[in-house]
Structure formats: C-alpha cells, structure tokens
Amino acid sequence: MFQELYKYRELLKTSIKKELRGKYKASFLGVLWSFINPLLQVLVYAIVFPYMLRSTGDDYIIYLVTGIIPWTYFSTVVNECVVCIKANAGIIKKVYFPREILPLSAAISGIINFFISCIIILVFCIVFQTGLSWHLIFVPLLALAEGMLALGIGMAFGAMDAYVQDLEYIVNFILTLGFYASPIVYKLDMFSANSVLSKLIIMNPITSIMNGYRGAFLYHEAPALNDMLILFAIALAVLCLGYFIFKKLEKGFAEQF
C-alpha cells in the first residue's frame with residue numbers, strides 16, 4: 001500500500017489540493033467559511049443550550065468551541081470519505097490508481113482545515129482569558145487519532161456506498177446520533193455517574209477525544225497515558241478494519257456505476 005501511495009504521490013498531492021480548493025471554490029467568501037460555519041454553530045448553541053440546561057458554567061463558550069470544531073472535523077472527514085467513490089465514478093471507470101487515495105486525500109484535507117480552524121479556538125481562549133499553555137502539543141496527536149478513526153469509518157462506509165447508493169443518508173443519521181452521544185454541547189456531569197447513559201457516553205471514543213482537546217485548550221492538563229493508548233488502539237483497529245473492507249470491495253467499484 002505504501003509503495004503504491006508513494007508511486008502515485010503526485011496524484012495524492014493533486015487530490016488534496018483539489019479537496020482544499022474545490023470545497024468553497026464557487027462561494028464568495030471562499031475559505032473563510034472554514035471559520036464562519038463553526039462560529040455560526042457555536043452562536044446557535046450558545047444562545048439555545050444555556051436555557052435548556054440547568055447549569056453550563058462560566059467557561060461554556062470555550063467548552064462549545066472546543067467541542068464543535070473537532071466534531072466538525074470528524075463529521076466532515078467521514079461524510080467526504082463516504083461519498084468520494086461515487087463522486088469520482090468517472091475517473092474510476094477510466095484510469096487505474098490506488099483507490100484509497102480518494103478517502104485519504106479527504107482525510108488529509110480535513111486535518112489541514114481543522115488546524116486552520118484551531119485559530120478560532122486560540123482566539124476564543126485569548127479573548128475569554130482562558131490562556132494558552134504547553135499542553136497544546138497534544139492537539140496534533142489527538143487530531144491524528146481522530147483522523148484515523150474518521151478515515152477508518154469513512155473508508156468502510158464509502159466502499160459500501162458504491163453498492164448501496166443511499167448509504168450516505170444512513171451515515172448522516174448515525175453522525176447525528178453520534179453528536180448527541182458525545183459531550184459536545186453538554187457536560188458529562190449532568191448525568192449520574194452510575195447511570196447507563198453516562199457509562200455509554202464515557203465508552204464512546206469521541207468522548208476521550210473531546211476530553212483531550214478540552215484538557216489542552218481549556219483546562220491546561222495532559223491527557224492520561226492510558227487513555228491515549230486506548231484511543232490510538234481503537235483508532236488503529238477501526239482504520240485497519242475500514243481499510244480491509246475497502247480493499248475487499250474496491251474490485252467491483254467500476255461495475256457499480
């Protein structure tokens with residue numbers, strides 16, 4: 001796989017540039033939407049949820065930003081990986097190239113956009129006087145684990161979407177469930193520590209990712225080593241499983257379109 005990717009590295013670079021430039025190419029504000037979209041989401045939740053929740057705390061705005069922007073990164077990578085095979089059906093039928101370049105370029109462009117969007121988090125931390133610390137060095141590690149997890153899920157569903165054409169709508173529904181099954185707009189201490197719902201949320205790997213980002217940006221603390229090892233083990237397992245499913249199904253991609 002790595003030999004193939006190295007051989008077609010120029011195609012991979014071109015595909016990544018296409019993902020980065022093409023997303024907002026026709027829009028007036030262009031890449032600024034990478035900043036505007038999460039800001040609008042933060043604004044909506046910041047207005048609505050304090051009235052719905054009993055207590056949100058003084059740091060709720062930063063809490064929202066450090067949840068919504070990483071979640072946007074995750075959901076965007078999954079969605080783009082799911083539709084990338086169908087979107088490139090024409091070239092798949094005509095030219096040979098490693099098909100994994102398509103979801104991989106979506107994941108790499110996603111992580112680049114995420115790091116750009118992290119500027120928003122840093123600005124909010126400065127404006128709301130949360131401060132910055134050396135714990136920010138853990139952000140790239142968390143982004144890598146999150147990207148591996150999203151890529152694995154996206155590759156599996158993307159390969160299946162070539163055969164089941166409406167699968168992306170099911171994935172959108174699953175992502176919506178995942179959003180509310182993760183402590184993004186609410187805090188985990190809202191639930192009883194011994195409740196089944198609380199335990200399920202804690203078992204969710206996205207919860208570990210969100211806690212890691214908030215530790216780095218908001219609470220200035222390092223993630224626990226055991227949590228990081230478990231997170232990377234889960235992300236690697238999901239990525240390997242997704243790649244296995246992708247390779248099993250890729251032979252029939254051209255015949256499905």
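Tyr60 counts as buried, at 4% relative accessibility; buried here means under 20% relative accessible area, exposed means over 50%, and partly exposed lies in between (1.4 Å probe, protein chains only). Tyr60 is found in helix H4. Lys187 is 127 residues away from Tyr60 in sequence, yet the two are 9.3 Å apart in space, C-alpha to C-alpha. Before going further, please keep in mind that this is a predicted model, in which local features need pLDDT of at least 70 and side-chain atom pairs count only at pLDDT 80 or more, while totals for chains, interfaces and linings use all residues. Residues are numbered from 1 along each chain as its sequence is written, and side-chain values use heavy atoms, with hydrogens and water left out.

Let us step back to the overall fold. The protein has 11 helices and 0 strands, where helices (H or I, at least four residues) and strands (E, at least two) are DSSP runs numbered from the N terminus. Read from the N terminus on, the elements run α-α-α-α-α-α-α-α-α-α-α. Of the 257 residues in the protein, 46% are buried.

Now to the charged pairs. The structure holds 5 salt bridges, each being a side-chain nitrogen of Lys or Arg within 4 Å of a carboxyl oxygen of Asp or Glu. One of them joins Asp161 and Lys86, at 3.7 Å from N to O. Asp161 lies in helix H7 (residues 139-161) and Lys86 in helix H4 (residues 60-87), so this pair ties together parts that are 75 residues apart in sequence. Asp161 is buried, at 1% relative accessibility, and Lys86 is partly exposed, with a relative accessible area of 26%.

Lys86 has another partner: Glu168 forms a salt bridge with Lys86, and their closest N and O atoms are 3.3 Å apart. This pair, too, links distant parts of the chain, with Glu168 in helix H8 (residues 167-180) and Lys86 in helix H4, 82 residues apart. Glu168 counts as buried, at 14% relative accessibility. Through shared partners, the salt bridges join Lys86, Asp161 and Glu168 into one network.

A local pair can be found in helix H2 (residues 9-22), where Glu10 and Lys13 sit 3 residues apart, about one turn of the helix. Glu10 and Lys13 form a salt bridge whose closest N and O atoms are 3.6 Å apart. Glu10 is partly exposed at 48% relative accessibility, and Lys13 is partly exposed at 44%.

Next comes the largest pocket, which holds about 390 Å³ of space. On a 1 Å grid over the protein atoms alone, a pocket is an open set of points where a 1.4 Å probe fits, with protein on both sides within 12 Å along at least five of seven lines, and lining residues have an atom within 4 Å of a point. Grid points are joined across faces, edges and corners, and the volume is the space filled by probe spheres set on the points. Of the 20 residues that line the largest pocket, Met1, Leu104, Met148, Leu151 and Leu239 are the closest to its centre. Helix H1 (2-7), helix H6 (101-127), H7 and helix H11 (225-249) are the elements that give two or more residues to this lining. H7 gives the most, with 6 residues. By type, the lining divides into 18 nonpolar, 1 polar and 1 charged residues; Ala, Val, Leu, Ile, Met, Phe, Trp, Tyr, Cys and Pro count as nonpolar, Asp, Glu, Lys and Arg as charged, and the others, Gly among them, as polar.

Leu43 is found in helix H3 (residues 33-52) and is partly exposed, with a relative accessible area of 49%.

Finally, have a look at the backbone in two loops. Most residues other than glycine have a negative phi. Gln129 is not a glycine, but has a positive phi of about 60 degrees. Gln129 lies in the loop between H6 and H7 and is exposed, with a relative accessible area of 74%. His220, also not a glycine, has a positive phi of about 55 degrees. His220 lies in the loop between helix H10 (205-219) and H11, and counts as partly exposed at 25% relative accessibility.
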